[in-house]
Amino acid sequence: MPVVLQASEENPLYVAYVIGVSTNTDLKEIMYLEDQSIAQDHTYIAKIQVSRDFISNFHLAGAELDLRWFLAVAHREENDYATDQTEFVGGVELNWDTHLPWTEIPFTLQLAEGISAMSLGRSTHNEKQDLAKRYEINDDRDPGVLNYIGFSALLGLKSIEALSNCKFGYHLHHRSGVYAKVKLFGYVHGGSNEHSLMLECAY
């Protein structure tokens, strides 16, 4: 008999499993679908994230939304370009559950904002490349703490009995210095992006 995940009806805990690869493309190029290429010196990320609603079913511009807190831990595989690190992320996430147009297929959009900290207090390999390209010098800009943005587009898996409480799709993992405006982020302009696959399940 297959194992079926059962979610709490009141306020489930969401657990997401993410695996991705780095890209040299900046956030604007990704948003406008200009360039989705993988970095030549590609590195990898494997992340697990937990989240739970703290404001449910509020309405904004005609959409019914949920606001969640989230905590995540990620392994940053630097592929021998640098020392591997552990990344810690926390923040809030806006969640919109809907359906694909003209279908009954569940579709979810998520937008997250938070803070990301690296275990060794140093930038990732791709972030160092990005900073060197922007500043054209090797200086002491090496922020271990940066702003985090996450974006996900997920399809519900209700047609698969064992995964009926799960969603699967694309996830973007973004770290940056917010245009060199924030002291906490080392006044840097630049960062990194990872194209990822996400499986999120409700328990």
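Helices (H or I, at least four residues) and strands (E, at least two) are DSSP runs, numbered from the N terminus. This is a predicted model, in which local features need pLDDT of at least 70 and side-chain atom pairs count only at pLDDT 80 or more, while totals for chains, interfaces and linings use all residues. Residues are numbered from 1 along each chain as its sequence is written, and side-chain values use heavy atoms, with hydrogens and water left out.

Q: Which pattern of helices and strands does the chain follow along the sequence?
A: The chain has two helices and eight strands. Read along the sequence, these elements follow the pattern β-α-β-β-β-β-α-β-β-β.

Q: Is Arg68 buried or exposed, and what is its relative accessible area?
A: Arg68 lies in strand E3 (residues 63-77). Buried means under 20% relative accessible area, exposed over 50%, and partly exposed in between, with a 1.4 Å probe and protein chains only. By that scale Arg68 is buried, with a relative accessible area of 0%.

Q: Which residue's side chain is joined to that of Arg68 by a polar contact of 3.0 Å?
A: Leaving aside neighbours within four places in sequence, Arg68 is in contact (heavy atoms within 4.5 Å) with residues including Tyr14, Glu93, Gln110 and Glu200. A polar contact is a pair of N or O atoms within 3.5 Å; within protein, one must be able to donate a hydrogen and the other to accept it, and residues adjacent in sequence count only if both atoms are side-chain atoms. The side chain that makes such a contact of 3.0 Å with the side chain of Arg68 is that of Asp53.

Q: How far apart in space are Ala82 and Ser123, C-alpha to C-alpha?
A: Ala82 is placed in the loop between E3 and strand E4 (85-99), and at 30% relative accessibility Ala82 counts as partly exposed. Ala82 and Ser123 are 41 residues apart in sequence, yet their C-alpha to C-alpha distance in space is 9.8 Å.
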